[in-house]
Amino acid sequence: MNELIHVENVTFQYPGAEHPVLNKMNLSVKKGEFLAVIGSNGSGKSTLCKLFNGLIPHFYTGDFEGSVTVSGLNIVENSVADLSCHVGYVFQDFENQLVQARVLEDVSFAPLNFGMEDYLQRGRRALELVGLAHLADEFVWQLSGGQKHLLALAGGLAMNPDIIVIDEPTAQLDPYHAKEIYEVLKKLNEQYGKTIISIEHHTEFIAEYCRTVLLLNKGSVLWKRSTREALSEVELLTELAIYPPQAAQAASRLGADNVPITLNEAIAFFKEKVPCGMPSVPRQKPDRSQEETVIRFDQVGFSYKSMNKKRAQVLKNINLSLNKGEQVAIVGNNGAGKSTLLRLITGVKKPESGSITVRSQSVASCAPEKMADHVAYIYQNPEQMFIDDSVKKDVAFFPRARKIKGYEAKIDEILKQFDLVDLQDKDSRLMSGGQQRRASLAIGAAMNPSVILLDEPTASLDMATRKHLTQFILKLKEQIDLVMIATHDMQLVSEWATRVIVLHHGQIIFDGNKEELFSNPALMDKAGLVPPQIVTLSLALNVEPIDYSVDSFINRFKEARGEWPLQKASQIN
Amino acid sequence: MAAAKSFADKLSFEQIKIELLNTAYGNDRTLIAKLDPRTLFLWYAFFGIAPWFIHSRFILAGMLLFVIGTTIMTKVSRLIIFILILGLLGESGYLLIASLFFGGNLGIIIPLLVLTMKLSVISLASITAFCSMSPERLGEGLLRIGVPGQVSFSISYGYRMLPTLFEEYNHIFMSYRLRGKSPEKHGLFYFRTVIYFIKLAVKSFYPLLLSMAKRARTTVEALETKGGQYAFRNPAVKKLKLANLRIGKTDYFFLLISVLYLISIFISSHYVSF
Amino acid sequence: MTQIKERYTLTQSQKMMVFILSMSLYGLSNMITELVPEVNVGPVNFSIEYFAFIPLTLCILFHPFYAAIGASFGEIIFGEIMLGQFSGFGEMEKLVIFTLAMYVAGIIVNNPKNRVQVGIAAVTGVVIHQFLNMVSDIAKVWIGVEDFEAVSGLPQSVVAIEGFSFLNDVLFSGILFALLPTLYLVPRLYGKIEPLLGMKPCDNKTKYPISGILKPRFILVGVLLSAAAMGFEFLSEAGIDIFEWEADFGSTAIWISLAVAAVVALITIIVLVTGKNKAKRGMANE
């Protein structure tokens, strides 16, 4: 028998919820599949996957109907622990599923608990599979985010399960580490025959790695198809706020019926049709000498004491002057010093050497409370910014503490501007990720700063929310002199930034506009940056100037409509 | 008071990490660190309790010498020992002054010194037994003598979560500072500033309580999938975990020396009046 | 114990969640207070001794036993073991006393929305804790000094010094780090934090009226029994194996005296508090 998972007529309702989250669900998964589960927020993706190891209905006791068998075991009759021998699960907040101090101890925790004598060997083998064997004796908290994610995966693998479920890996990781984890999953699938089920919204990864796609909507299965068929449904997916790969979007909007879904296909698809003779737009170099300097870094260095009594250098020799009206993106690997750079501006950390001035005020001599009059810092994790018990109170915290006259009216206006009026009395921590981000931006706006610093504002958001949020980021510049964003999100950089600063091992290796950056693949590679698909595509097609959005890309082709042989599109694949 | 001002600066994430690693990798190369936890528990059970019931100054002095010796063997910094004994003497000093005030006489000095000796023996015994035992070994030892598995799990979990939690606490604390307003004037003895920081330190726990609740939930879910809940009660798991705990020659040797020493001072105490 | 079981039953996982929550947070706070310098003005000590409000809040909102025992372990693990300061029997003493104190504070409150109750509970928790600490410190000198009573001036001075530090801690820590923060946190968290652990907020209005019907003598007997049961529960929770193990050395004497002191203190306080609550409830009924 080839069927590993069989879901039949399953309905599930969380206790206290008004509607069932799964509604007469039917599904069958075969051995060796690499399945992507997609669907908009609240479509029941995570709930479905929690059926497979029995967390539903054993841990979440709601109303459960129907039958589910996993590897021949009925989930109602078998315990979570027994089912977990067949299903390895990587949670979305994987940090909290690592529960032991050291790496090896954590990875062999499950086999140990099941009383397996070879638990250490099992742990070691799992570490080797994910490429963490060299870190076996480290403490878990010494690992980077990407390594922790791999460890969580290894923890599932230690029991040698048939099925691996992984919940939104790309939402929590930067693109570089997301690719790394998918390479591991691919190996597990192809070489070890594991069945992989990945909840994923990032369609470029789906196109590259998954073979089948399950689309959920409102607790039911819409369809399950091969990846090619699934991602060709550009209109349906877009309607459900799932964004197909940019290349597929472009081809579909140009009217092709058999769209390319990966970069290589797209290059082949568009290569013949690139309209030639486009006038190249002269690049305008902004003249920075005329502008007013807002922030100046002068020979700034920063380090902290590390374990072996040496000092770990986070930033060195940073010289920068940032001007009014600029939209600055700080990019670079994890650990390149992006967050530290931003925090130095807030006065929370003091530079070890050199000086930083914000509007001719020296940061070193100022308490963070003083700097807050000029600078607003928006945390990477918005939850860490919520210090009061409702959205409104959080947004009003700054003006209230300063007893600014008539602040209430201003707060109401800001709540309206960030679309938070209906949410204003909720506790910020209990909202969805996108709402939390919006609230954190509103908090920043309410401080009425001249500089706003955003740390990874689009991290751990799905594509739809990301798009939505970008609009709010664009609004910020109307009221604020200088906006700085530290980010991995190259799509945001390509659509928003006027100046890009690349950090690498604490030093600035590039400072200029995005055109220069994106046309320098060697530099991008060195800094671990992955440009948006449409940019890579434009580069590969040698179009001038590079297109940064799907819109500008298709406009180029639309203008040259005459040369666009539609019927040929289907012959390519 | 400047110390209170730099409260936030001192409590840095990196500092905590270093503290933790120092304890974890501390001095585990000494003879005493190589002993089985059970040996040390047994040893400590005597030296930590018996002094309360021994009133012979000679025996107490002998025991004190012995534990000073073992403490030095653990290579704990001498400063710690010095400060500890100084503190105990200081406490007795307080008692002495108070007693004189309540109409006592200097005859109280001797009983107080005896008390200080007892407390010193007990404290040094605990330093000997536990300072060189890494938390992981301590957990194993506790598990071995029948303390529920949740305790050794918690020690490991503590190591896993503390740095993360600490960082989060720091972030929240800074959130208050990045939006709040510190007092304009420091007040008498920096009174206002201190109150401001204390308030923040307390208030920062409100967001942390909620986010920790979320963490606790995923953690317990994960424990469920990893069979953790059953393992706490499964003797086979305990056996596997403790497979490398062994009482060896060194252990017997250590206990033997201790017993011989004790017997000899008990015997000599009959012949010596002190 | 019967009272508590009726209060609301928890699954094994929920108990573990409360334990982990309480352990991690109180442990963290302990590490922070360990690192903050203290200030002495003469004999008066202004140190942040402990953030008692964390276990108090959790004991009031959740099952008090698991919150209390979690907090105690948090203190020992984060504040002592992980900083290399574990001290054997001293920790056991802390464990028993602190758990007992927080637990009692937790069972006093049957309606977290009632600020008076919460306030009384917070102060009571600290008073019991500091009182038992005082008793144990006095007991140590008493046991440690031969013919304690015969040494003139010593008993008075011990009582005076320990009594002073008792008052110092109750007034300073009790108000600043127990009463005020607990009053701030409990109403904010009530109904908000429980769903995050997948629990219903404890709503005792429906479950507590029994005590209003019962005759006073009935309650007194129940209180006595539950106090005794609790004492035993602690002995067993604290690791009964260790007790058996060290029994040969005669240490039980200390523990028995401690337990007796604890039970006496507990009964006094519970009688006082239930008396008050009953009077209030009586007034409300009329």
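This is a predicted model: local features need pLDDT of at least 70, side-chain atom pairs count only at pLDDT 80 or more; totals for chains, interfaces and linings use all residues.
Biologist: Let's start with chain B by itself. How many helices and how many strands does chain B have?

Modeller: Count the elements before anything else. Chain B has 14 helices and zero strands, so the run from the N terminus is α all the way along, as the helix definition counts it.

Biologist: And what share of chain B is buried?

Modeller: Buried residues make up 55% of its 274 residues. Look at sequence separation too: among contacts in chain B with a separation of 6 or more, 83% join residues 24 or more positions apart. The accessible surface of chain B is about 12,000 Å², with 67% of that on carbon and sulfur atoms.

Biologist: Now the interfaces. How many residues do chain B and chain C bring to their contact?

Modeller: Read an interface by residues, then area, then atom type. Chain B brings 74 residues and chain C brings 70. Together they bury about 6,400 Å², and carbon and sulfur atoms give 83% of that. On the chain B side, B:Phe205, B:Tyr206 and B:Leu209 supply 11% of the area chain B buries there, more than any other three residues.

Biologist: Which polar features turn up across the interface of chain B and chain C?

Modeller: Seven residue pairs are in polar contact, both partners at pLDDT 80 or more. The salt bridge count is zero.

Biologist: Which helix of chain B gives the largest share of the side that touches chain C?

Modeller: Several helices take part: those supplying at least two residues each include helix 3 (13–25), helix 9 (149–179) and helix 11 (205–225). The largest share, 14 residues, comes from helix 11 of chain B. By class, that side of chain B has 52 nonpolar, 14 polar and eight charged residues.

Biologist: What about chain C and chain A? How much area do they bury?

Modeller: Run through the steps again. Five residues of chain C touch five of chain A, and the two chains bury about 440 Å² between them, 55% of it on carbon and sulfur atoms. C:Ser13, C:Arg188 and C:Lys192 supply 78% of what chain C buries against chain A, more than any other three residues.

Biologist: How many salt bridges are there between chain C and chain A?

Modeller: Three. In one salt bridge, the side chains of C:Arg188 and A:Asp389 meet at 3.9 Å, N to O; that counts because the cut-off is 4 Å. This interface also has three residue pairs in polar contact, both residues at pLDDT 80 or more. The chain C side that touches chain A has two nonpolar, one polar and two charged residues.

Definitions and conventions. Residues are numbered from 1 along each chain as its sequence is written. Chains are lettered from A and ligands numbered from 1 in the order in which they are written. Side-chain values use heavy atoms; hydrogens and water are left out. Contact means heavy atoms within 4.5 Å. Buried area is the accessible area (1.4 Å probe) that two parts lose on being put together, summed over both. A polar contact is a pair of N or O atoms within 3.5 Å; within protein, one must be able to donate a hydrogen and the other to accept it, and residues adjacent in sequence count only if both atoms are side-chain atoms. Helices (H or I, at least four residues) and strands (E, at least two) are DSSP runs, numbered from the N terminus. Ala, Val, Leu, Ile, Met, Phe, Trp, Tyr, Cys and Pro count as nonpolar, Asp, Glu, Lys and Arg as charged, and the others, Gly among them, as polar. Buried means under 20% relative accessible area, exposed over 50%, partly exposed in between (1.4 Å probe, protein chains only). Accessible areas come from the Shrake-Rupley method with a 1.4 Å probe; for residues, only the protein chains shown count as cover.
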